[in-house]
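This report describes one protein chain in plain terms. Please look at the sequence and the model before reading on.

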Amino acid sequence: MSNATKYRAFYDGEFYLSDDQGEEFMFELNPDGWSLSIMDHYFESGSGAAEEYYRYIEAKGAIFDQFTGRSDTEGNELFAHDIIAFTFWWFDGNECVTLLTGEIVYSEEHMSYQLKGVKNKEWQAHTGEDGSDYLTPFSELNFEDADFHRIGNSHQNPELLEVVL
């Protein structure tokens, strides 16, 4: 598990990673929170000859997700609002395997990352919840031995959370 603080911004259908910032875009921490600025390349012609200019423009409405410190089975870093699929082993007299999905969220109340929206009959019986708002702490999930895969994120793929029971 990595303790590095990293961020991902989602803006205009694209992701920007804080680790990759440079001339094309930059992350800034302001009194109001994080902002993303993207390089704008433009030309002006005042005296007949076009002059080339560059400026940063704030990406208003960018959505920021923090790195969880965890990676999936393939080594993909997991951020808040990623949707993961994972194998869960059940044993209630009979051993069975279930593929579950859920969205990674940060719980201010519990001050930790949680998995939200797991919808499955066995999971509901296990937790006593319907899955929509129930939060499963990361500490209850065994990342080291399990088969976790990032399958999308709630910004681009909200339909992945609509699992039929």
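The model is predicted; local features need pLDDT of at least 70, side-chain atom pairs count only at pLDDT 80 or more, and totals for chains, interfaces and linings use all residues. Residues are numbered from 1 along each chain as its sequence is written, and side-chain values use heavy atoms, with hydrogens and water left out.

**The chain**

The protein chain has 1 helix and 12 strands. Helices (H or I, at least four residues) and strands (E, at least two) are DSSP runs, numbered from the N terminus. In sequence order the pattern is β-β-β-β-β-β-β-β-β-β-α-β-β. Of the 165 residues, 36% count as buried, where buried means under 20% relative accessible area, with a 1.4 Å probe and protein chains only.

**An open sheet**

Strands of a sheet pair through backbone hydrogen bonds, either parallel or antiparallel. Here, 4 strands make an open sheet in the order E2-E1-E6-E7, with antiparallel pairing. Two strands count as paired if DSSP finds at least two bridges between them. Strand E2 (14-17) and strand E7 (77-79) are at the edges with a single partner strand each, so one side of each has no neighbour in the sheet. Strand E1 (residues 7-11) pairs with strand E6 (residues 63-71) over 4 bridges, and Tyr7 stands opposite Gln66 in E6.

**Two cores**

A nonpolar core is a set of buried Ala, Val, Leu, Ile, Met, Phe, Trp, Tyr and Cys residues joined through side-chain atoms within 4.5 Å. The largest has 13 residues, of which Ile84, Phe86, Ile104, Leu115 and Leu141 touch the most other members.

E8 gives the most, with 3 residues. Another core, of 9 residues, lies apart from this one and includes Ala9, Tyr16, Phe27 and Leu36.

**Ser154**

Ser154 lies in the segment after strand E12 (148-153). Is Ser154 buried or exposed? Ser154 counts as buried, because its relative accessibility is 18%. Not counting residues up to four places away in sequence, Ser154 touches His81, Ile83 and Glu103; contact means heavy atoms within 4.5 Å. Ser154 and Asp82 are 72 residues apart in sequence, and their C-alpha atoms are 6.3 Å apart in space.

Technical notes:
Buried means under 20% relative accessible area, exposed over 50%, partly exposed in between (1.4 Å probe, protein chains only).
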